Amino acid sequence: MYIRLYGRVYGYDIEKNENDEYVIVGDSKLIGNFKKPLIIDATKQIVTRRWYDAELFGHEIFGDKYAFITGQHTRLLLPGDAVILSRTNKKVVVYGSGRKSFSYYQDGVLKRRPYIYSDGSLSFKAYKFVEEPIEENTDWMDSNLKYNYDCFYKLIKTYYPQAKDKYIYNEFKTWYEAKKDLIALFREHPQWNDKEKCIAIDLPINRNVDGSVVASAARELFQTMSAESPVFSRRTLAAYDRITDVASRSYNYKTDNNCIRFHETAYREIEEYLNAIDLNDDDMNINAKASRNINAIMKKFKLSDRTEYNKASAKCFDAMALKPLQVKFVVSLNICDFVTMSHGNSWSSCHSFRNRGGWHAGCLSYANDDVTVITYGLDKNCPDNDYYKNDKIFRQLFMINKEHTEYVQSRMYPACNIYTDESVNASFNSILSEVGIDISDTPVRKESGRVISGEHYLNYPDYLNFCNACNRYGSNLSLIKIGAGVKSLFNGEWLTSTNSLTGNTAENQEIIIWSSNINKSEYLTENE
């Protein structure tokens, strides 16, 4: 940060405390009366600390983005100064001088001076945002890695505009060093996309059977059609209500040959109620799908020709369908996919960057370890590039040990997903076999081997807290460390908080420098 000192400047003496932090000592005092402007580099040496009571406002004028601040000490910032604003860490250049606005009364009416004068000049002190050049060495990156870096840089700046380029670069390099062996492994797959750092295949994903969802859908259908019913006799209405009750119990359904059917006891109960009102079950079959039998019941009660039936039954029968969903299945090591790992199409989690989840710093913990691979499903018609920009239907992490003899299957997200993690696991296992890794798809005992979190980890350890939802596969089981430390994108220090990537650095203060090799007599007035 560069600041211009000019005129009478006040500040505080500072010293380091036991935590190696600079703190204020004593009262404010005159630092000096500068007879000509002195440009100070506040990133190298320190002389005092000044406090700002400045507010920051954003504006877009003539297509360019500006900010203006109000408050004390702004008089020290003159056109041409380059400054990093303390509250946001955004780099700006002072563009012009003047007042933000000027209020006055004319004929009893409050008037305000406009932001822009008629000649186009600005009427307030403005700071034009500028991009800091990336000075880090990128010679080690090939064109695809440079593309990945550019995507990651823009993604981080979207959610953390105050992040510093140096530390964004360091994080990217940490990710690559950690994942390069896994990247080399998956690069052997015939469908590896090196630009996206992933494998993407079209895949049918089977649905889980959630009995409560099926029963709820059946109950809604029966209740909707009850309102549409002709005038039932008391006896007929009682039978209809009893059948509704049977169809509304989740335990009355089973999965058989990829179909949802009634359990035999439930079917016999429905059959009994129909016979009690002299309705036979000729159009029904104990081995038929539940949806077909429900449709036959509605016909017997003369409800299938009602106006609402087609719409209501379609919703119910869709909940009972086990037709696989065709998705774009992605197996990725791309750092951007870790950042967006909880950006779901209708769900979120504590790792969400977008929603500032309580564990979102943990996304980079997963990115920085040497075992974690992310898998997820997208709409099959999504574009074949920048997959990370698409909201995910589901997401699941896999952790492969260094010897490639085993892996851990983490919890499926969202937790109530109707698509089975068994299908995802089988697909992941198949992809491993295509890169020369043969691991049994039969889970091993939970207590076999150890799974722990890495040092400084910030990710939520669902593999420990929800171990019943996580499986382990393989042989020659060893210790697997999941998650790694993450350094602040603001100051490069190890993070301890799971809900921030900058750490506790948002202090409303600036550090000013006094270089020992400056000829003070050239700048300060006599005796100061």
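Accessible areas here come from the Shrake-Rupley method with a 1.4 Å probe. On that basis the chain exposes about 26,500 Å², and carbon and sulfur atoms hold 45% of it.

**Whole chain.** Start with everything shown. This is a predicted model. Colour by pLDDT: the chain averages 75, and 66% of the residues score at least 70. Select residues 112-118, where pLDDT is below 50; beyond near neighbours in sequence, the stretch has 23 contacts in the model. Now select residues 505-517. Here too pLDDT is below 50, with 49 contacts beyond near neighbours in sequence.

Switch to cartoon. There are twelve helices and 22 strands. Of the 528 residues, 48% count as buried. Among contacts with a separation of 6 or more, 69% link residues 24 or more positions apart.

**Strand S17.** Select residues 394-400. Seven of the seven residues are buried, so S17 is largely enclosed by the rest of the structure. Show the side chains. In a regular strand they alternate between the two faces of the sheet. In S17, Phe 394, Gln 396, Phe 398 and Ile 400 point one way. Arg 395, Leu 397 and Met 399 point the other way. Both sets are buried.

**Partner S16.** S16 pairs with S17 in the antiparallel sense, over six bridges. Pick Gly 377: its bridge partner in S17 is Phe 394.

Centre on Met 399 and find Val 408 of S18 opposite.

**The turn.** Finish between S17 and S18, which form a hairpin with five residues between them. Select His 404 in the turn; its phi is positive, about 60°.

Note on methods:
Residues are numbered from 1 along each chain as its sequence is written. This is a predicted model: local features need pLDDT of at least 70, side-chain atom pairs count only at pLDDT 80 or more; totals for chains, interfaces and linings use all residues. Side-chain values use heavy atoms; hydrogens and water are left out. pLDDT is the predictor's confidence in each residue, from 0 to 100. Contact means heavy atoms within 4.5 Å. Helices (H or I, at least four residues) and strands (E, at least two) are DSSP runs, numbered from the N terminus. Buried means under 20% relative accessible area, exposed over 50%, partly exposed in between (1.4 Å probe, protein chains only). Two strands pair if DSSP finds at least two bridges between them.
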